[in-house]
Amino acid sequence: MANYEKISLEKGMYAQSGKSMTDILEELDPSVNYVGTELEGLDAFSRQLKRFDIKVSGAKSDPVEKFFATTDSAALFPEYISRAVRQGMEQADVLSDIIATKTSINGMDYRSITSTPTDKDKALVRVSEGAYIPQTKVSTQENLVKLHKRGRMLVSSYEALRFQRLDLFTVTLKQIGAYIARAQLKDAVDVLINGDGNNNACATTSAASSGTLTYDDLVKLWAQLSPYEMNTILAPTDAMRMLLSISEFKDSKASQDFHGSGRMITPLGAKLVHITSMDSGAVIGLDKNCALEMVVAGDIVTDYDKLIDRQLERATVSCIAGFAKIFRDSARKLTY
């Protein structure tokens with residue numbers, strides 16, 4: 001039964017651990033109840049915006065003060081901020097190109113698993129009938145995953161923002177999300193190179209000539225990463241310039257794809273990812289399917305008390321995440 005107009009909203013909904021406001025609203029007002037109606041396609045939070053006639057996007061978006069017209073609608077404001085920040089993180093997302101899996105936890109302590117197969121394990125030798133089957137040992141890491149809190153503080157008065165359009169305010173919030181995404185990307189690259197504190201820094205190989213990269217250097221990196229598949233290459237800005245000037249990168253198919261879509265490909269089939277935060281002097285080749293685990297402690301957290309009771313003033317938006325190496329040898333650094 002559709003009852004989105006009858007739900008009582010209050011700030012205590014944000015206090016439920018591991019659940020966002022949208023999750024709680026979905027439990028109270030499941031979207032499945034709206035299949036075949038004009039509200040099909042909206043989630044529970046979007047239906048609440050419709051209930052209070054709050055338009056958050058478009059040329060005719062409402063001013064910020066529309067959220068504070070009633071006590072119930074004011075309770076939606078922190079979730080609006082969290083969702084806008086999340087959209088910014090998704091738009092600036094590069095992490096999905098380098099992480100194998102994402103794990104959500106409800107605490108601050110997390111110990112990942114690891115396996116360090118020998119050359120014999122990787123070969124999967126033939127086993128005769130009745131013979132002993134080789135083992136691959138999987139164990140927990142000795143040290144915990146280091147989690148980092150990334151976020152921004154919103155500093156403003158309600159009076160300064162009350163007449164600003166939500167569409168414009170959303171742009172600012174998305175930029176905060178982009179900042180967080182870029183900081184998390186830098187953390188991920190650091191773990192790929194230096195390890196996660198469990199003696200698993202990636203191995204290093206050197207280019208044939210200092211200060212330059214050649215196609216032969218990439219082929220060498222590809223060969224040394226075997227039996228893992230080098231399907232991703234991470235490169236800083238100066239390395240990108242060198243790589244894109246290599247003659248093998250200038251064939252007609254690569255040129256057409258780059259000019260038509262902006263996607264950068266390599267003759268080895270690996271996806272070339274530009275990482276502006278990387279230090280110059282090295283590129284990383286990795287198998288993104290088994291190199292890195294992202295660990296997230298909860299969702300985006302918004303300081304809801306200040307946003308609702310004090311109508312903004314100072315409030316924080318933050319996200320806690322860390323990274324762990326899965327297979328140590330699935331990433332390798334090429335210095336030049």
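1. The buried residues of helix H9 pack against helix H8 (215-225), strand E6 (232-235), strand E7 (271-274) and strand E8 (282-286). Buried means under 20% relative accessible area, with exposed over 50% and partly exposed in between (1.4 Å probe, protein chains only); contact means heavy atoms within 4.5 Å. Helices (H or I, at least four residues) and strands (E, at least two) are DSSP runs, numbered from the N terminus.

2. This is a predicted model, in which local features need pLDDT of at least 70 and side-chain atom pairs count only at pLDDT 80 or more, while totals for chains, interfaces and linings use all residues. Residues are numbered from 1 along each chain as its sequence is written, and side-chain values use heavy atoms, with hydrogens and water left out.

3. Which residues of H9 (residues 237-244) are buried? They are Ala239, Met240, Met242 and Leu243. These lie on the same side of H9 because they cover an arc of only 165° around the axis, the arc being that of the directions from the helix axis to the C-beta atoms.

4. The protein has eleven helices and twelve strands. Of its 336 residues, 44% count as buried. Among contacts with a separation of 6 or more, 80% come from residues 24 or more positions apart.

5. The largest nonpolar core has 39 residues, and Phe67, Phe77, Tyr80, Ile81, Val85 and Leu173 have the most contacts inside it. A nonpolar core is a set of buried Ala, Val, Leu, Ile, Met, Phe, Trp, Tyr and Cys residues joined through side-chain atoms within 4.5 Å. Elements that each supply at least two residues of this core include H1, H4, H7 and E11. Another core, of 23 residues, lies apart from it, with Ile99, Val189, Ile275 and Phe323 among them.

6. The largest pocket holds about 500 Å³ of space. A pocket is an open set of points on a 1 Å grid over the protein atoms alone where a 1.4 Å probe fits, with protein on both sides within 12 Å along at least five of seven lines; lining residues have an atom within 4 Å of a point. The volume is the space filled by probe spheres set on the points, which are joined across faces, edges and corners. Of the 28 lining residues, Gly18, Lys19, Asp299, Ile300 and Val301 are the closest to the centre. H4 gives the most to this lining, with four residues.

7. The second largest pocket holds about 380 Å³. Its lining has 20 residues, with Met89, Lys102, Gln184, Met294 and Val296 the closest to its centre.
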